[in-house]
Amino acid sequence: MTAPLLEARGLRKHFPLRGGVLQRTRAWVRAVDGVSFEVAPGETLGIVGESGCGKSTLARLLLRLIEPDAGVVRFGGEDVLAASASRMKRLRRDMQLVFQDPYASLNPRLTIEDTVAFSLLVHGVPRGEAAERARALLGRVGLDPRLHGRRYAHELSGGQRQRVNIARALVLDPKLLVLDEPVSALDKSVQAQVLNLLQDLKAERALTYVLISHDLNVIEYVSERVLVMYLGEVVETGTAEALSQSPKHPYTQALFASAPSMDPDHRMDRLPITGDPPNPIDPPSGCRFRTRCPSAMPRCAEAPPPRVPVGAAHEVACYLYEAEPARVA
Amino acid sequence: MALATALMEPAELATAPMSYWRTVAWRLARDRATLVAGGVLTVIVLSAVLAPWLAPYDPAAGSIRLRLAAVGAPGHVLGTDEQGRDMLSRLLWGGRMTLVAGLTPVLVAFVLGSALGVIAGYVGGLSNTLIMRTMDIFYAFPAVLLAIAISGALGPGLPNTLISLSIVFVPRVVRVAESATVQVKGLEYIAAARASGAGVRAIVRHHLLANVLGPILVFSSTQVSLAIILAAGLSFLGLGVTPPAAEWGLMLNTLRQSIYVNALVPALPGLAIFVTSMAFNLLSDGLRDAMEIRG
């Protein structure tokens, strides 16, 4: 196996919840709790989970937009969290983020062209060249630089804005793109266009993607490997195929069962999960899914289950599979 | 309708899009109330600036024989005050004082308040606590009382009026600037700028200030009318501009006993204060509407 481009080890981020007159920390929101994974160069890793499971926090941790409480992020073997300010600035050219909200992610006072060119100016590219490269990239993502370049974000549609978002992330020629719900705010028809554009760009520029989404259809469409998150923890990882063919974790099974299928013959035969996820401020002891799990056992409450292999590059954190011998091919 | 838009769109897109400030100017030019207010203000400001040339008499020179002449009296179009000084001349000269006393504190508050508020909002943490809690101390007093207290402590005179009014208005602007900054700071385009490797200075200059100064400017403009009224109020109480200088609030005070002799003349400085502050209010309303970003 080739060396991973991106590696996360034991990432943890708890947000303090302050209250009272003295603003004392009352409780902690356990947004991300001990997340580990690797992304190989050229791969697309999909991260899926319900809203509030810590996906967006994870994206920001990977890019060091927020500092984790514990854990390691390595990019190309280099410890990102130990990088100096100047080294970090250099590293940022290689790892970029596409945001979820096409409205809040574009500065309303900058023209589209300036929005894309800004990153280049930050890295010392002369103005004329920066504008030139910004226009070229706007053209590549399907916008007419002469028609849209001098316009403001609010004059564009949601899909067009997301194209600007992608252009801004790509203008520094990154190696890794973290896509935080890149299409969830868009119409279905526009979603497909943007996803296809992302696929084309990936092939063209030899990119590596970490795609975060709550939408299994989107994840299955573009990902090679999938990471399933529940309340800040990884419950299962495996290839997209393995997960859709034989999901192991009860949560993954429920996720796939509740995803609407295009095939009318493929009817729901399993009960999708009911209820809301528990509060991440005070998550259940042991396995965090046990409160909604159809096969919960008494021991699930005692300690969190370890991640065990259940197939080739397929791991699951569930006591149901502990007894099964590892069938590593 | 749909056909009309479909037909219009390519033509509209083909024209060069307007820059933000040109759009604002274009909208202002189409807002009748704002245009009228702007026109009235221009006349007031011009007449104040040109007072030395426009005023028919020395504003401080009076005549015992001509006390409290009615509006329209020969030689004195707007009458004379209780010391026989020409009202028109005094109103023109008084406008200078009132405008300076109204605009300067707001300008000081805009600059100082924006700086403090943006620092408090963007840096957060201890700086925020220190700056905002200090501002809260000033906020604990009603504006009028605070202005009177500070002016009373410093003594009368125009410079002291400006200082005390600045102290009144800085905390207000800091609050607005801080909340606007905190709001913008949390938006994803700031995170995107950080992800691109931009430093704090570049982010504040290109992404934060551009989106924060507009709302602060609009808020500050609403405070001008209040500053004018407060400045006039301080003079009225004898804490502001000292006699014999002409200032609308002071004129209102000295003329108030004459209101039973000749009601119209004492009303003139009040009318001037009302019209000026009203015009500033209308102008700031128009500015707010024109600066709004419409999707």
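Trainee: At about what angle does helix α10 (residues 250-258) of chain A run to β9(A)?

Mentor: This is a predicted model, in which local features need pLDDT of at least 70 and side-chain atom pairs count only at pLDDT 80 or more, while totals for chains, interfaces and linings use all residues. Residues are numbered from 1 along each chain as its sequence is written, and chains are lettered from A and ligands numbered from 1 in the order in which they are written. Helices (H or I, at least four residues) and strands (E, at least two) are DSSP runs numbered from the N terminus, and angles run from 0 to 180 degrees between N-to-C directions, with axes fitted to C-alpha atoms, for helices over the stretch in contact. On that basis, helix α10(A) lies across β3 (44-48), β9 (225-230) and β10 (233-239) of chain A, and its angle to β9(A) is about 105°.

Trainee: Which strands of chain A are the edge strands of the open sheet of eight strands?

Mentor: Two strands pair if DSSP finds at least two bridges between them, and in chain A the order is β6-β7-β8-β3-β9-β10-β12-β11, with mixed pairing. Neighbouring strands of this sheet are turned by 20° against each other on average, direction ignored. The strands that pair on one side only are β6 and β11 (308-311) of chain A.

Trainee: Which residue stands opposite A:Met95 in β7(A)?

Mentor: β6(A) and strand β7 (residues 176-180) of chain A pair in the parallel sense, over four bridges. Within β7(A), the residue that stands opposite A:Met95 is A:Leu176.

Trainee: Why is one side of β2 (24-39) and of β5 (78-79) of chain A left without a neighbour in the sheet?

Mentor: The open sheet of four strands in chain A has the order β2-β1-β4-β5, with antiparallel pairing. β2(A) and β5(A) stand at the edges, so the reason is that each has a single partner strand.

Trainee: Which strands of chain A does helix α1 (residues 55-62) touch as it packs on the sheet?

Mentor: Contact between two residues requires that their C-beta atoms, placed from the backbone, lie within 7 Å. The direction of α1(A) makes about 120° with that of β1(A), and the strands touched are β1 (6-19), β2 and β4 of chain A.

Trainee: How far apart are the axes of helix α7 (residues 143-154) and helix α8 (residues 158-185) of chain B?

Mentor: Two packed helices are described by the angle between their axes and the distance between the axes. The residues of the contact of α7(B) with α8(B) divide into nine nonpolar, four polar and no charged, where Ala, Val, Leu, Ile, Met, Phe, Trp, Tyr, Cys and Pro count as nonpolar, Asp, Glu, Lys and Arg as charged, and the others, Gly among them, as polar. The helices pack at an angle of about 145°, and the distance between their axes is 9 Å.

Trainee: Which element gives the most to the side of chain A that touches chain B?

Mentor: The contact takes 25 residues from chain A and 23 residues from chain B, and the chain A side divides into 11 nonpolar, six polar and eight charged. The elements that give two or more residues to that side are α2 (85-92), β6 (95-98) and α3 (112-122) of chain A. With three residues, the element that gives the most is α3(A).

Trainee: What distance separates the centres of domain 1 and domain 2 of chain A?

Mentor: The bounds, which come from an automatic or database domain assignment, are 6-94 + 175-185 + 197-275 for domain 1 and 103-173 for domain 2 of chain A. The contact takes six residues from domain 1 and eight residues from domain 2 of chain A. Taken over C-alpha atoms, the separation of the centres is 26 Å.
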